[in-house]
Amino acid sequence: MTDKTMPAVGLETVGMTKIFGSLVALEDASIRVAPGTMHALLGENGAGKSTLVKCIMGFYQPTRGKIIVDGVEEIVRNPRDAMKLKLGMVYQHFTLVPSLTAAENLVISRPDCPSIVNWTAELANLEAFLDRMPFKVPLRTPVSSLSAGEKQKLEILKQLYLDRRFLILDEPTSVLTPGEADEILGLLRDMTRAGELTILMITHKFREVNAYCDEVSVLRRGKYVGSGKVSDLTTDEMAHMMIGDTKLRERSARVEQGADRTVLELSALFASDDEGLPAIASVDLKVKAGEIVGIAGVSGNGQSELVEVLSGQRDLDDGRIFINGQPFEPTRQHMDKFKVFGLPEEPLKNATAPRLSVAENMAMRSFDKPPISQNGWWLSPRPMKAKARELIAQYRVKTPGPDTPIQNLSGGNVQRAVLARELSGDVEVLIVANPCFGLDFASVADIRAQIIEQRNSGAAVLLVSEDLDEILELSDRVAVMSEGHITYVSPIGETDRNTIGHAMAGGH
Amino acid sequence: MAVTELGWTGVPLAMFAGAIRVSTPFLFVSLGECLTEKSGRVNLGLEGTLVFGAMSAYAIAYLTGSPWLGVLVAGIAGSCFGAIHGFISKLPKVNDVALGIALMMFGTGSAFFLGKSFIQPQAPHLPSIDFGFWTSIPQLKVALQINPLFFVGLAIAIAMSWMFRTTRIGLIVRMTGDSSATALAMGYSVDRVRLLATTVGGFLAGVGGSFLSLYYPGAWNEGLSSGQGLMAVALVIFARWSPMMCFWAALLFGAAGAIGPALQSIGISQGYHFFNAAPYILTLVIMIVSISPKRSLRGAPGELSITR
Ligand SMILES: Nc1ncnc2c1ncn2[C@@H]1O[C@H](COP(=O)(O)OP(=O)(O)OP(=O)(O)O)[C@@H](O)[C@H]1O
Ligand SMILES: [Mg+2]
């Protein structure tokens, strides 16, 4: 570390290997990240990207492999060792303490946090620090009441506050709107250009790679397959490196539906959020058989609450839901009777029991029916596992086996496992929320094709998504939700991106 | 001119005095529970700690003649109970709530067993501070005899909320209670923080027990505690895990507990038992009002097994 002119740190891994039990999650991965660059790490869901960076950070102990920081071989036993080498990471989930304020989170994260904090001086310091930083967050607000974008900014600010010079970002933009993502990534790129910082970013979005990154490295099924300059590679070449010669799933053609039968009808729904404030108000919507209605909107305008109401996680204050003209209560019996299925957002939290096995989670719709259950009360594990194996194969869920706790699966594979459970039966109504969050492009194509297939076979689909492209690609009709109201509805052929964008921003 | 019969005006006065008296053990136990819960554990054993504290304080005061030594020993005994809870809870697959119930029984049982021989003898009481020197109205004079532990408790409440806001230790305790993964990632030992918090919490509950036997009611017997240790858990929830709110909530519970005796002091004994049940009714009402299936509990530490 002698003739260093820039504070940014460079890093290299040599032959990184990580084995979980019988599963080789990472095999012989060697990547090189030059100081002062923005480097993308690409790969399918379950390719081992998170595993690789967690090994770098000392969060996992690699089975084999070396880490070289600024040309010197280093041993990283735990995150604290990594901290000393100025390595920092922003994890896929937030690691801020919700009840502490932003300022408290920053100060307590410092290794030299004083025993008695002089808040006047600390706050003045923090303000001065924020003045030097490209983005701001409110310092005195508890983290629990910050928006996702602000939390993500605070996570990154925390790393910079701790003077980390090599920053790993694990899918940093999956919780952000495209606008926020552009803002944050643009500012970070400026810092790398200035030689203050090196960034290794895991992402599934080629748009971000092409716009902001200098180089890419690609993993496929735990193995390193190559790297290169972004300027030398086309998106197709990168995609090919990620999935090899596997064929992408063809986009299913949209079959015109003659039927004009309303299946799902929401009538004047009202519900409140966790604080008891109105979250959705007088929501009216009809979804016909064989139709996808996409609900667009900036996150936090009541979409999550609407999905929670429909899946029975939140009580209605007022209003009725009808399916085929009959009143529907979101209970297990009714969902079964009316064949209502769903894929909520954050499936690990909203649609699984994280510590139960993959097989048990996959059986959650059917465990009380034959063949898994005899006479409605005696569970037999064998048919349950057999069914799970079948679904795992059919939906290509990457898991060590049906007995693995579902929380050990990579993000994308949790999504697939839930989808396998929800789509394997006969579907009348399908409610999906942000189904492609955090998925690689192959899985995105796959899941979108499945949603179209359900539509083609006559299901009424309600799709809630923050991704406008997804709405435009899948929907037959678009509705825009703003401040808890449906403010705009139009068939997809009679509207365009600008009109929808205008309605999302609150213009009526 | 001395007024001996205050009549109805005596009720608020007696309630004021009673509130301070009755609230003191609530205050100590709830501060102890508040600290423990802030670190992410629930210690339901504090009821046992309270009873054991009462017994050991009384025994030591009787044997040595020093009530303050009794208070100290009660605190130390309480710390031992807290440490046992903290230590066993960190073993794998141990549920802190179930363990707390076991320790509650253990605490009361061993206090009854060891305390048999101290039921009759008279131990020296804690002194009280006389704020009523300026008046000659006897009721007022009595009401202004305030026990020093009340002020100690108030000072601890103030110190604790200061600690949670401005010291590293305080921030670490809040962090372990809210997000143990983050604390671990920062290299703090979550188990150790919780062990220490539970131990100190036990100390406070033990001191709260010493008040029962050395000040009010002021003697050791097996019916001394009437569930203050358990009600303190409800009180902490009501106080939204804030030490200063614990202080005010303890006063409220104290006032509720003082209604019965205050009415009796002016000769109204109708419904005496009903008024004595006021703190329990208050607990129930608070639990029903403050917990709704629609709202999440604001301010609850995220790692708490009762709210998770
Ligand atoms: N703690 C663990 N125990 C067992 N298996 C694990 C564990 N963590 C990860 N795995 C497995 O290792 C593989 C690689 O997972 P990893 O999380 O690194 O994928 P990823 O590339 O980050 O995927 P995604 O894009 O979905 O986040 C997966 O098959 C996963 O099931
Ligand atoms: Mg990952």
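**Where the parts meet**

Guide: This is a predicted model. In it, 24 residues from chain A and 20 residues from chain B make up the contact.

Visitor: How much area do chain A and chain B bury between them?
Guide: About 1900 Å², with 56% of it on carbon and sulfur atoms.

Visitor: Why is the pair B:Arg174 and A:Glu104 called a salt bridge?
Guide: The closest N and O atoms of B:Arg174 and A:Glu104 are 3.1 Å apart. The rule asks for a side-chain nitrogen of Lys or Arg within 4 Å of a carboxyl oxygen of Asp or Glu, so this pair counts as a salt bridge. Across the interface of chain A and chain B, the rule finds one salt bridge. There are also eight residue pairs in polar contact, both residues at pLDDT 80 or more.

Visitor: Which helix gives the most to the side of chain A that touches chain B?
Guide: That's H3(A), with three residues. By class, this side of chain A has 11 nonpolar, five polar and eight charged residues.

Visitor: What makes domain 1 and domain 2 of chain A neighbours in contact?
Guide: Contact means heavy atoms within 4.5 Å, and 10 residues of domain 1 meet seven residues of domain 2 on that basis. The two domains bury about 730 Å². A:Asn45, A:Ser174 and A:His204 supply 47% of the area that domain 1 buries against domain 2, more than any other three residues.

Conventions. Residues are numbered from 1 along each chain as its sequence is written. Chains are lettered from A and ligands numbered from 1 in the order in which they are written. This is a predicted model: local features need pLDDT of at least 70, side-chain atom pairs count only at pLDDT 80 or more; totals for chains, interfaces and linings use all residues. Side-chain values use heavy atoms; hydrogens and water are left out. Buried area is the accessible area (1.4 Å probe) that two parts lose on being put together, summed over both. A polar contact is a pair of N or O atoms within 3.5 Å; within protein, one must be able to donate a hydrogen and the other to accept it, and residues adjacent in sequence count only if both atoms are side-chain atoms. Helices (H or I, at least four residues) and strands (E, at least two) are DSSP runs, numbered from the N terminus. Ala, Val, Leu, Ile, Met, Phe, Trp, Tyr, Cys and Pro count as nonpolar, Asp, Glu, Lys and Arg as charged, and the others, Gly among them, as polar.
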